[in-house]
Amino acid sequence: MRTVTLGKESPLTVSAVGLGCMGMVSAYPPIPEKKDMIRFAREAFEKGETFFDTAEVYGPYTSEEILGEALHKVRDHVQIATKFGFDIQNGVSVGLDSRPETIWKSVEGSLRRLKTDHIDLLYQHRADPKVPVEVVAETVSRLMEEGKVLHWGMSEVSIRTIRKAHTMLPLTAIQNEYSMWYRDVETELLSVLEELGIGLVCFCPLGRGYLTGNLKQSNFTPQDVRSSMPRFSSEDALKANQELLTLLQQQAEKKGCTMAQLALAWILSRRPWIAPIPGTTKLSRVEENTGAASVEFTPQELDELNAKLDQIQIYGARYNSQQESMVEK
């Protein structure tokens with residue numbers, strides 16, 4: 001598969017399209033059996049996927065356990081990213097926690113569950129307002145000195161925090177939501193990452209399933225994370241955003257690819273140091289998503305597509321107020 005290099009000062013080369021692993025254990029019911037996901041992750045690797053993104057809080061813990069069981073025999077052939085930053089009590093996340101002792105405990109647990117002696121890319125999942133970024137960077141630096149962490153990154157933090165953290169310990173990647181229907185990173189973040197030489201890993205690059213064209217309802221179960229998100233819970237928003245799906249379908253037909261492949265290929269076209277990590281629990285979708293790396297645009301095609309995207313207004317907030325409050329501004 002085509003590859004992407006994240007970061008200049010601390011470079012990490014990964015497959016251009018990674019695999020987000022949250023949905024294996026939570027967020028989008030029905031949740032598959034653990035044994036089925038172990039087999040799925042192993043088969044995804046056999047199909048060419050080598051960049052797996054997980055987190056301690058996914059499950060919690062079970063997503064890492066799945067990858068550890070599935071990939072430990074091929075560990076030298078994959079890159080695994082995981083995350084710390086939540087206070088997990090009795091199997092439930094009860095808030096943010098990036099104190100040094102919690103980071104160490106999280107990393108030791110992740111290494112054990114992943115059945116490995118190192119983490120390729122370790123993210124702070126969300127900024128903890130109670131812990132200065134200097135303390136976080138110093139803690140991760142010590143973990144890197146011991147060889148337990150090879151590269152580090154942050155997720156959904158402010159530009160101010162990124163600049164400060166990068167001066168202390170070069171960041172390899174920032175993980176943020178980015179897709180055709182959520183483009184806030186284009187306002188300032190992309191230019192800052194270009195300036196600093198930091199890669200971008202995009203979660204929800206298919207709009208939590210919306211951009212595939214297969215998601216048309218708003219009556220999600222309470223266990224589905226989308227049930228509390230205005231962009232999904234409002235039938236009016238889903239209908240109003242149909243204009244984007246119409247454009248996607250038209251462009252995909254022209255390129256001879258699926259809507260998902262077009263949406264992912266568009267992200268890859270934005271910068272050479274961007275890697276999307278769509279989540280799925282189906283091998284057919286892994287094959288479809290990784291195939292997006294082969295979809296190419298001419299400069300004229302990109303100009304025309306971007307001009308049309310710029311004319312489309314997206315309706316509905318991506319997060320509710322509680323979810324948005326955890327994103328550092």
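Q: Why does Arg208 count as buried?
A: The relative accessibility of Arg208 in this predicted model is 11%. Buried means under 20% relative accessible area. Since 11% falls under that cut-off, Arg208 counts as buried. Arg208 sits in the loop between β11 and α7.

Q: What makes the phi of Arg208 a value to point out in a residue other than glycine?
A: Phi of Arg208 is near 55 degrees, a positive value. Most residues other than glycine have a negative phi.

Q: How do you know that Cys204 is to be counted as buried?
A: Cys204 has a relative accessibility of 14%. Cys204 lies in the loop between β11 (199-203) and α7 (230-233). The phi of Cys204 is near 55 degrees, which is positive, and Cys204 is a residue other than glycine.

Q: Is Glu69 buried, exposed or partly exposed, and what accessibility makes it count that way?
A: Glu69 has 32% relative accessibility. Buried means under 20% and exposed means over 50%, with partly exposed in between. The value of 32% lies in between, so Glu69 counts as partly exposed. Glu69 belongs to helix α2 (residues 62-71).

Q: Which residues does Glu69 touch, not counting residues up to four places away in sequence?
A: Glu69 touches Ile38, Arg42 and Lys115. Contact means heavy atoms within 4.5 Å. As for Pro278, 209 residues apart from Glu69 along the chain, the C-alpha atoms of the two are separated by 21 Å.

Q: Why is Asp53 called buried?
A: Asp53 has a relative accessible area of 2%. This is under the 20% cut-off, so Asp53 is buried. Asp53 is placed in strand β4. Leaving aside residues up to four places away in sequence, Asp53 touches Leu19, Gly20, Cys21, Tyr58, Ala81, Lys83, Tyr123, Gln175 and Ile277.

Q: How do you know that strand β4 and β5 pair?
A: Two strands pair if at least two bridges are found between them. Strand β4 (residues 51-53) and β5 have three bridges, in the parallel sense, and therefore pair. In this pairing, Phe52 stands opposite Ile80 in β5.

Q: What makes β5 mostly covered?
A: Six of the six residues of β5 are buried. Gln79, Ala81 and Lys83 point one way from β5, while Ile80, Thr82 and Phe84 point the other way. In a regular strand the side chains alternate between the two faces of the sheet.

Q: Which residues of β8 are bridge partners of residues in β5?
A: Four bridges join strand β5 (residues 79-84) to β8, and the two run parallel. The bridge partner of Lys83 is Tyr123, and Phe84 stands opposite Gln124.

Q: How do you know that β8 and strand β9 pair?
A: Pairing needs at least two bridges. Between β8 and strand β9 (residues 152-155) there are three, in the parallel sense, so these strands pair. Leu122 stands opposite Trp152 in β9, and Gln124 has Met154 as its bridge partner there. Together, β8, α4 and β9 make a right-handed β-α-β unit.

Q: What makes β3 and β12 edge strands?
A: The open sheet has eight strands in the order β3-β4-β5-β8-β9-β10-β11-β12, with parallel pairing. Both β3 (19-20) and β12 (274-276) pair on one side only.

Q: How do helix α3 and helix α4 pack?
A: Helix α3 (residues 100-114) and helix α4 (residues 133-145) pack at an angle of about 35 degrees, with axes 10 Å apart. The contact is made by Pro100, Ile103, Trp104 and Val107 of α3 and by Val135, Val136, Thr139, Arg142 and Leu143 of α4. By class, seven of these residues are nonpolar, one is polar and one is charged. The crossing of α3 past α4 is right-handed.

Terms used: Residues numbered from 1 in each chain as written. Predicted model: local features only at pLDDT ≥ 70, side-chain atom pairs only at ≥ 80, totals over all residues. Heavy atoms only, no water. Axes fitted to C-alpha atoms, helices over the stretch in contact; angles between N-to-C directions. Left-handed = near helix turned anticlockwise from the far one by under 90°. Nonpolar A, V, L, I, M, F, W, Y, C, P; charged D, E, K, R; others polar. Right-handed = clockwise from strand over helix to strand, strands pointing away. Buried < 20%, exposed > 50% of the residue type's maximum accessible area, 1.4 Å probe, protein only.
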